[in-house]
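Biologist: I have not looked at this structure before. Could we go through it by question and answer?

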Amino acid sequence: MDLDLRRALKSQPKEGIGAPLFPLTTIWGESLLAATPGDGTVPWPEHPRPQLARTSWQTLNGWWDYAFVSLGSAQEARSSWRNAAMPISWNGKILVPFSPEAQLSHVGRQLKPNELLWYRLCFDASRPLPGRRRILHFEGVDWACAVYLNGKRLAEHRGCYLPFDIDVTSAVKDGENALAVCVFDPSDTGTQLRGKQRLVRANMWYTAQSGIWQSVWIEDVPKDHVRQLQVSANPDDGTISVTAQVSHPGRRLVLSLKSGRSAMGPVAKKHEATVRLRVQAPQLWEPDNPRLYDLTLGYGEDEVTSYCAFRSVAVEPDAQGTPRVMLNHRPIFLRGLLDQGYWPDGLMTPPSLDALRSDVQTAHDLGFNLLRKHVKVEGELWYWLCDRMGMLVIQDMPTGGGSYDKWRSINTPTLFRRSWSRFRDDTPSHWRKLAADDNSYRREWQHTRDLTVRRLAAHPSVIAWTLFNESWGQFDSFGQAQRTRELDPTRPVIAASGWYDQGAGNFVAIHNYFRSLQVYPHKDDRAFILNEFGGLSLRVEGHCSLETSYGYDVFEDTAAFRQAVSRQLAQADALEPRGLAGFVFTQLTDIEEETNGLLSYDRRVSKLPVPKADPRACPAYPSEPTAHSPRHSDRTPKK
């Protein structure tokens with residue numbers, strides 16, 4: 001049997017006991033930890049949506065009031081968050097957009113399933129001028145929330161990884177305004193999408209977070225305005241195509257390039273406007289030359305900026321007939337790292353844009369051309385960085401569902417490779433074994449997949465979608481792969497990463513931590529990718545969250561660790577002539593008990609020698625709000 005049984009048994013996950021974490025801090029989080037309420041600190045001042053940006057916007061990040069409200073049971077919290085009464089008193093100040101569980105929030109308190117978390121912000125504003133609208137944006141709230149402005153309940157939303165917008169024109173007033181948000185999050189006691197969060201962290205499962213975890217902002221728009229954009233650029237004929245969802249029909253969408261070329265579309269009908277423009281001899285987007293085209297779009301008085309890139313990606317046979325990833329019709333070998341997007345001081349929220357830029361730059365400097373964003377959807381600025389810096393991305397869909405069966409999701413596929421293709425995922429009886437039997441979970445997963453694909457479709461760095469990881473909440477992967485290709489026919493799909501492959505999608509995607517590395521025979525035209533391997537552990541004293549560590553091979557000294565990593569990467573590289581299309585090594589950074597990163601969790605130590613940096617071309621992002629959009633105050637509201 002081609003299995004290192006000793007190593008596999010030694011690496012079995014253990015139940016967590018919730019030991020306190022050592023308070024690690026990144027260099028980017030130091031100033032935020034030193035901040036105090038009322039000092040004007042504004043994390044993440046950058047415009048959150050670089051592919052749909054206007055100048056008339058205002059960030060609402062900064063110091064908010066917060067309060068935890070305990071209820072009798074989790075069921076009571078689940079049923080009351082929509083219309084709960086606002087608390088009379090508040091616990092203190094929280095630094096938004098960091099979750100209360102994160103150090104950078106200045107709270108350090110876990111939201112429990114039987115509690116509600118309230119936020120309140122007072123900010124100065126004026127009513128919009130006639131013919132204009134005021135739009136409130138939330139980039140991410142974990143998990144369900146109700147939103148109030150000046151005592152008026154305006155909207156509710158569910159879904160950790162999806163942004164949402166609210167037209168607050170009728171509720172905003174001149175002078176002081178009070179914005180309030182009520183949050184409910186069951187974490188892993190529920191079946192909603194949550195990624196790798198757990199209330200009791202251990203091994204490969206990390207600290208649960210809750211509440212507002214991405215930017216909150218507000219903007220003024222004309223009555224007739226663009227609400228959403230779908231931008232595509234065809235490298236074969238040089239055509240840029242833009243479809244805009246608009247607030248009102250009757251106007252024409254105008255597209256302009258930085259070069260001065262422009263085009264005007266037909267009159268918008270049924271809230272949809274389109275325009276096309278052809279570019280002669282377009283420059284293609286590639287990792288070594290990530291060429292982007294800046295766009296300006298006008299719809300009546302509304303003007304937004306965006307960008308696009310000409311590039312194609314597909315799985316096709318090479319000259320020898322081996323399925324490969326083809327970028328712009330040329331084979332590219334994927335050398336990737338697993339990137340889970342966790343931070344010791346911010347949890348799922350990075351401390352700053354520079355922190356994200358450093359992660360992408362370090363991955364490039366270490367010789368990798370791809371990051372697999374693992375069961376998490378980032379804010380759009382991360383994808384903007386990858387677009388600008390030429391880093392390829394495989395985007396996972398977030399996981400959820402019920403409690404995972406250890407035997408079905410870990411032991412069986414680890415011990416018996418034959419099981420990988422012998423367990424169907426399209427029958428209700430098997431959904432229960434795959435933690436996917438809750439219909440509300442399946443609906444949320446599909447809704448999130450649909451909106452995530454549409455939201456990230458114009459980012460050239462994103463070259464493939466991963467639907468399900470290691471059977472967690474897996475269901476009908478064949479049908480879901482087909483649906484994903486209907487939503488986005490321009491990218492290949494990894495239907496099931498790890499095991500329980502149904503023959504769907506464009507890849508045979510294997511996880512191999514305990515066997516010799518090889519390309520397994522398969523009888524279809526899918527590319528073979530080693531989508532996870534490695535997991536080698538080295539604990540760096542003073543830069544770890546716990547005294548204990550978790551990994552698949554433990555090393556006591558740096559030299560031995562580096563030799564083992566280099567050996568495994570060389571073995572994977574050697575498989576390219578044998579049909580390997582690419583690999584994803586575990587992983588970019590340590591995370592809590594996991595010490596199998598190439599960087600320490602606090603990003604202060606690289607466990608591998610970093611060659612001389614080759615800085616990616618990435619200009620500074622325009623961060624300041626305009627003079628017409630003053631930042632909010634964090635005054636306590638008048639009684």
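Biologist: Are Phe423 and Tyr500 buried or exposed?

Modeller: Note that this is a predicted model. Residues under 20% relative accessible area count as buried. Phe423 falls in that class, and Tyr500 does too: buried.

Biologist: What kind of pair do the rings of Phe423 and Tyr500 make?

Modeller: The ring centres of Phe423 and Tyr500 lie 5.4 Å apart. Planes under 30 degrees apart would count as stacked and over 60 as edge-to-face. The planes of Phe423 and Tyr500 stand at 45°, so the pair is tilted.

Biologist: How many residues apart are Phe423 and Tyr500?

Modeller: Phe423 sits in the loop between α6 (406–415) and α7 (428–433). Tyr500 is in the loop between β29 (493–498) and β30 (507–512). The pair links distant parts of the chain, and the separation is 77 residues.

Biologist: How many aromatic pairs does the structure hold?

Modeller: One of them is the pair of Phe138 and Phe164, with 4.9 Å centre to centre and 10° between the planes, which is stacked. The count for the structure is 30.

Biologist: Which strands does the pair of Phe138 and Phe164 tie together?

Modeller: Phe138 is buried at a relative accessible area of 0%, and Phe164 is buried at 9%. The two residues are 26 apart in sequence and lie in separate strands, so their pair ties together β5 (residues 132–138) and β9 (residues 164–167).

Biologist: Which residues are linked into a cluster by ring pairs?

Modeller: Here several ring pairs join up. The members of the cluster are Trp431, Tyr441, Trp445, Phe468 and Phe475.

Biologist: Which ring does the charged end of Arg388 sit over?

Modeller: A charge over a ring is also found at Lys607, whose charged end is 5.6 Å from the centre of the ring of Phe561. For Arg388 the distance to the ring centre is 5.5 Å, and the ring is that of Tyr307.

Biologist: Which residue in β20 stands opposite Val254?

Modeller: Strands β17 (residues 252–257) and β20 (residues 293–299) run antiparallel and are joined by five bridges. Opposite Val254 stands Gly298.

Biologist: With which side chain does the side chain of Asn531 make a polar contact?

Modeller: Asn531 belongs to strand β31 (residues 527–534) and is buried at 0% relative accessibility. Leaving aside neighbours within four places in sequence, its contacts include Arg372, Thr466, His511 and Ser497. The polar contact, at 2.8 Å, is with Ser497.

Biologist: How many of the 10 residues of α6 are buried?

Modeller: The buried residues are Arg408, Ser409, Ile410, Asn411, Thr412, Pro413 and Thr414. Their cover includes α1 (5–10) and α7. The helix α6 is mostly covered, and the number buried is seven.

Biologist: Which residue has a side-chain oxygen that reaches the backbone nitrogen of Trp407?

Modeller: This contact is at the start of α6. The oxygen comes to within 2.8 Å of that nitrogen, and it belongs to Asp405.

Key: Residues numbered from 1 in each chain as written. Predicted model: local features only at pLDDT ≥ 70, side-chain atom pairs only at ≥ 80, totals over all residues. Heavy atoms only, no water. Phe/Tyr/Trp six-rings, centres within 6.5 Å; stacked < 30°, edge-to-face > 60°. Helix = DSSP H or I, 4+ residues; strand = E, 2+ residues; numbered from the N terminus. Buried < 20%, exposed > 50% of the residue type's maximum accessible area, 1.4 Å probe, protein only. Lys NZ or Arg CZ within 6 Å of the ring centre and 35° of its normal. Pairing = 2+ DSSP bridges. Polar contact = N/O pair within 3.5 Å; in protein donor to acceptor, adjacent residues only side chain to side chain. Contact = heavy atoms within 4.5 Å.
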